[in-house]
Amino acid sequence: MKPFFSMCLISLICLTPAKAEPPVAENVASPQAASSTENQAKTQTKTQTVQLVHIQNPPHYAGIQLGDVLQRRFTLSAPATFTLDSSKLPLKGLQRNGVELRQVQVTQAPQGGNIRYTLAFEYQVFASSGQPVQLHLPAEQIVFSGSGPVTIPAWRFWLMAQLPDRLQPAKPTLLGQRPPQFLETKTISQGLVASLALTLLGGLLLLYRNASWAWLPMLNGPFAQAYRRLQRLPATPECATRASLLMQQAFNQHFGQQMLASHVPAFLALKPTFNAYAAQIQQFYAQANRVLYDGQVPAVTDYLQQCKALTRQLRSCERGV
């Protein structure tokens, strides 16, 4: 019976379930805690670094020429505890690979718990080449206190060719030239000179014949006026009387008063330029008195010719010719 009882007891012990021990909390929660700690560390590290938010490059990367101005704009976000080290920025006027830095502008504005920095770099191209060549705006290092430098990548562009490398001289390519054929201008010049001379002569003749302005007293004296009127008189007895009156009127204007035959010596003393024709003047007054006061009219045609001839001579005297 004892062996049977012992076997039953052993079977009972084997069939009785063992009390399960509670799981160790440390072993179960350990992976989740490690993951959460790692995320917190990454977030903290991310918020404590400078981030390059945006880069704005020039709109065109090809066709850039000598003297063109290119501008790049960078936006960075940094924690408030970090400060931009402006002394480490590239200096204005720095030249690298044919590109000169003309201007550096820095603006900042708070954003949340960070500070957003905007940097504008202005470059000018001074390189030149006979063929298109690829250049680049240099990479820049932006340094913050409490953090490592932030690298701005370079930007490549194509420089347009200015002049060919090998310039050919222009002289061999020129075509032979012939001097222009001169036109014969001698005949034209002579005709022009003759035309000008005739025009000038005609103008002087018209001025001499018709001038009556006060600024030409030599051409429009009393005897000149009397001579022009005598030229238009016909050969009639009335015109002979008219001729005598016209000549006496001219003498009166020169003498300044009514002039008679007895006044001839005084007239010649007053106007010595007429002394050369003293005898003709005395003869005229003798004939004029017979025509005007005695009614003795000589041959009309001869008398008019004598009056015209004397008047023309006296006109030359009053003009000083």
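I started with Phe251 in this predicted model and listed its contacts, leaving aside neighbours within four places in sequence. Phe251 touches Phe223, Met259, Phe267, Ile281, Phe284, Tyr285 and Leu314.

I then looked up the largest nonpolar core, which has 29 residues. Phe251, Phe267, Phe274, Ile281 and Phe284 are the members that touch the most others in it. For the elements behind this core, I noted those that give two or more residues: helix H4 (222-231), helix H5 (237-255), helix H6 (264-270), helix H7 (278-294) and helix H8 (300-319). H5 supplies the largest share, 8 residues. I also found a second, separate core of 27 residues, with Leu101, Tyr117, Phe121 and Tyr123 among them.

Next I went to the strands. I traced an open sheet of 5 strands with antiparallel pairing, in the order S1-S2-S6-S5-S4. Strand S1 (51-56) and strand S4 (95-96) are its edges, each pairing on one side only. Between S2 and strand S6 (residues 114-125) I noted 11 bridges, and the two run antiparallel. Arg73 has Ala120 of S6 opposite.

Last, I checked Arg72, which sits in strand S2 (residues 69-79). What is the nearest side chain of opposite charge to Arg72? I found Glu140, 6.5 Å away. A salt bridge needs the charged atoms within 4 Å, and Arg72 has none, although Arg72 is buried. I did find its side chain reaching the backbone oxygen of Pro153, at 3.0 Å.

Methods. Residues are numbered from 1 along each chain as its sequence is written. This is a predicted model: local features need pLDDT of at least 70, side-chain atom pairs count only at pLDDT 80 or more; totals for chains, interfaces and linings use all residues. Side-chain values use heavy atoms; hydrogens and water are left out. Helices (H or I, at least four residues) and strands (E, at least two) are DSSP runs, numbered from the N terminus. Buried means under 20% relative accessible area, exposed over 50%, partly exposed in between (1.4 Å probe, protein chains only). Lys and Arg count as positive and Asp and Glu as negative; His and the chain ends are not counted. A polar contact is a pair of N or O atoms within 3.5 Å; within protein, one must be able to donate a hydrogen and the other to accept it, and residues adjacent in sequence count only if both atoms are side-chain atoms. A nonpolar core is a set of buried Ala, Val, Leu, Ile, Met, Phe, Trp, Tyr and Cys residues joined through side-chain atoms within 4.5 Å. Contact means heavy atoms within 4.5 Å. Two strands pair if DSSP finds at least two bridges between them.
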